[in-house]
Amino acid sequence: MKGLPPVLITAIVLVLGFAACAVQFPNIASTRVVGNLLTDNAFLGIVAVGMTFVIISGGIDLSVGSVIGFTTVFVALVIERWGVPPLAAFLAILVLSAAFGAAMGAVIHVFDLPPFIVTLAGMFLARGASFLLSTESVPITAPIYSTVSDFALRMPGGGRLTAIAIIMLVIVIGGALLLHLTRFGANVYALGGSRTTASLMGVAVGKMTIKIYMLSSLLAGIAGIVFSFYTSAGYSLSAVGVELDSIAAVVIGGTLLTGGQGSVIGTFLGVLIQGMIQTYINFDGTLSSWWTKIATGVLLFAFIALQQGLVALARRPVTKSAGVAS
Amino acid sequence: MGNGLDPASPLLEVRGISKSFGAVRALQDVDFTLRAGEIHALLGENGAGKSTLIKVVTGVFPRDAGIVRLGGEDVAPRSAKAALSAGIATVYQEVNLLPNLSVAQNLFLDRQPMRFGIVREGEMRRRAKALLADFGLDIDVAAPLGDYSVAIQHVTAIARAVDLSARVLILDEPTASLDRHEVEILFRIMRQLAKRGIGIVFVSHFLDQVYEISDRITVLRNGRLVGEREIASLPRIELIRMMLGRELAETTSARAAASERPPREVCASFENYGKASYVAPFNLELRHGEVVGLAGLLGSGRTETARLVFGAERADRGQAKVEGAAVRLQSPRDGVRHGFGYCPEERKTDGIVAELTVRENIVLALQAKRGLHRPLSRREQDEIGRRYIRMLDIRPPDPERPVGLLSGGNQQKVLLARWLATSPRLLVLDEPTRGIDVGAHAEIIRLIRELCDDGLSLLVISSELDEIVTYSDRVVVLRDRAHVEELAGEAIDVGNILAAIAADSVAVALEAHT
Ligand SMILES: Nc1ncnc2c1ncn2[C@@H]1O[C@H](COP(=O)(O)OP(=O)(O)OP(=O)(O)O)[C@@H](O)[C@H]1O
Ligand SMILES: [Mg+2]
């Protein structure tokens, strides 16, 4: 074989990193800390799942952070100012964000534009729209918010698995099943391999592109709702730069930035690694929180270098020998 | 016939198709008729419009004019997927499938066996194995397709199309990278399918194969229909005249002239050269003005030998010498520095830069050899581009056209031109005539001879034994990644080469009996 698969390397980094943290701060190795880590990164985990699909298919989605921001403001205003029932508000924003993603996918396909440009435009558009709605932070006081915030499964050791952490775990598992077990998932990899070839093989490339960006935006919408639970407020400046954090998680998780290879589980591990670094810095107390970014940057470099190495290896024609059936 | 199909009824009718790419009129008013249960060869020179016709029929390119009727009904598929669901399965010339997906996924992409919305991976693998077994392949279908050789990838592509069991099966140069054995298997399957009433369109530049398998032929030239004939009543010479629009200048297959040249000094030599689990150590001497042919089945170590010689792969033992001096060949750069050139077999991934123009592609290796601080002037580039376009008859003769827009065969010629432009002392050609039409084929063989007379040393890999026999001064036969036999002079003939290739299977058969 060609050495360790990238996901395994990510897993090893996570385990070693966690062990190192636990040696320095024994308290880190508790369900309480792990529970908090999952809660704090729930929204990131959710968008990163969508980003994984996009990147494996050979694209990129820069709009997700803005979609989260827009969602929080939209939900807050609609519930608080207009008195719309929260569930109806959630449904409306999910439809809206899915349509937004579908539109970006359609533009990418029909006009054959680079996803980078189209989703960059989408990023400005969604962020701008959220400023139009409100420039201030709008607190949400609807009862469902406190109910959801209070809900948690007790874990042994006193940790709390909150509702939003559960939502994230369900989406990670669902995303992994969708990617690895369904026809849709196989087509995502096919697009990442080569759009032209996939299309010649009969894959409906246009529909796939639309669905993939729709999925990414839909998950960004869900992440936005989760984010509003997390902060109990809607703010047009929330989740700035989250698109980059999620791309980082995807790449650290072993997904090839050029598409065609990767996994949702890897992305999840990537999110956990980022959360772990954040936790370490919190425990340390003296380090500036910007160290999270620096550590993430170093890790990214390491992983991209690693991928380049693996790609170079894979390029070498290691031709497998074929047996001949008799 | 028993299948209730009228063998003479048209299954696929194409009438008055035209297609232009900008100013290039790729197809003009072309008709084509395919009957149920027939194997119909679509022939023509490189750039004649064969692949374009196929793509227009299957909706990959929109057509400018004309109609397509399938089973009597007008169809206008707007994508490969639509053509597929209408009942037209195609292996396109440039399709290598998706190297990042498993073999099984490639075979069943978009039509995997499902249960409750979930792909039944086990069932899919089982079917993939069974399907490939029909083609004599027994491989791990869970491994990525990219891990396998081009030939296996091609067989996979064909198996996929065959398994779609459509009413029309179109194969654009399916045999280009297959060896004899695989071609036989493919032909057997094509005949079975035709018997079931499927109409098959077959594009190939191998006229032997065309005569062996097809019932009728249609010939295109410069985007126009030349004619449609029954193969049985069409002499080969007449067919060639239809394709070329002129007589083929005689390329004798007599090889006498080649062997009569006096032996010249050694250009490069390899002693006990090899690499563990790649190619067994071999001795090889390449002389100036001499063609050495490498023969053997696919996977016998031909390409591997070529890569070692060029430096694309590092040897772990043995000694290489160039003009008598010991050298180390660690990388392709070393090869180029010592005046070697290498035309690989996989032109799409290993050679052609589709976005660059014909001129830029041709001067690429020469520029690299001179170094970036000594750029070729535009005038020199134009001059070189024009010279090779003329020499190899690259069409259209436009040096400023992106190579990706040329037909498959013309891309092959551009690649050859690139290495010729570096005036190498040793040129390694891996399947140089693959995908090249009869006219250019003869041209390239003549060119090989001329180059030799100028003192170039050539190492040529080919699956075409007739061809190898025609131009080689010596032939090295490989088997199971080892050099097993070297033939020279009178001993070079197809029979002897086949005997050397086959000796092994005889031995195996004997072993099995004891
Ligand atoms: N996408 C394209 N854009 C512009 N020109 C094209 C394109 N595809 C093909 N052509 C041109 O159309 C003509 C016909 O090409 P086509 O690929 O059909 O030839 P072919 O008969 O299949 O040749 P070969 O035997 O070499 O494969 C050529 O002149 C080619 O340069
Ligand atoms: Mg062609």
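## Exercises on a predicted two-chain model

The largest cavity is lined by 16 residues, and A:Leu200, A:Met201, B:Thr90, B:Tyr92 and B:Arg160 are those nearest its centre. The model is predicted: local features need pLDDT of at least 70, side-chain atom pairs count only at pLDDT 80 or more, and totals for chains, interfaces and linings use all residues. Residues are numbered from 1 along each chain as its sequence is written, chains are lettered from A and ligands numbered from 1 in the order in which they are written, and side-chain values use heavy atoms, without hydrogens and water.

**Exercise 1. Describe the largest cavity and its lining.**

Step 1. On a 1 Å grid over the protein atoms alone, a cavity is a set of points where a 1.4 Å probe fits but cannot get out; lining residues have an atom within 4 Å of a point. Volume is the space filled by probe spheres set on the points, which are joined across faces, edges and corners.

Step 2. Search the whole structure. Seven cavities of 30 Å³ or more turn up. The largest has a volume of about 150 Å³.

Step 3. Assign the lining to elements. Helices (H or I, at least four residues) and strands (E, at least two) are DSSP runs, numbered from the N terminus. In chain B, α2 (80–86), β6 (88–91) and α5 (150–163) each give at least two lining residues. β6(B) has the largest share, four residues.

Step 4. Ala, Val, Leu, Ile, Met, Phe, Trp, Tyr, Cys and Pro count as nonpolar, Asp, Glu, Lys and Arg as charged, and the others, Gly among them, as polar. The lining splits into 14 nonpolar, one polar and one charged.

**Exercise 2. At what angle do α8 and α9 of chain A pack?**

Step 1. Read the geometry. α8 (residues 163–181) and α9 (residues 183–193) of chain A meet at about 70 degrees, with axes 5 Å apart. α8(A) is therefore roughly perpendicular to α9(A), a class that covers 65 to 115 degrees.

Step 2. List the contact (heavy atoms within 4.5 Å). α8(A) brings A:Leu178, A:Leu179, A:His180 and A:Leu181, while α9(A) brings A:Arg183, A:Phe184, A:Gly185, A:Ala186, A:Val188 and A:Tyr189. The tally is seven nonpolar, two polar and one charged.

**Exercise 3. Find the backbone features at B:Pro396 and B:Asn272.**

Step 1. Recall the background. Most residues other than glycine have a negative phi, and most peptide bonds are trans.

Step 2. Check omega. The bond from B:Arg395 to B:Pro396 is cis, with omega near -5 degrees. B:Pro396 sits in the loop between α14 (378–392) and α15 (408–420) of chain B.

Step 3. Check phi. B:Asn272 has a positive phi, near 50 degrees. Its place is in strand β14 (residues 266–275) of chain B.

Methods: Axes are lines fitted to C-alpha atoms, for helices over the stretch in contact, and angles run from 0 to 180 degrees between N-to-C directions. Angles under 35 degrees count as roughly parallel, over 145 as roughly antiparallel, 65 to 115 as roughly perpendicular and the rest as oblique. On a 1 Å grid over the protein atoms alone, a cavity is a set of points where a 1.4 Å probe fits but cannot get out, and a pocket is an open set with protein on both sides within 12 Å along at least five of seven lines; lining residues have an atom within 4 Å of a point.
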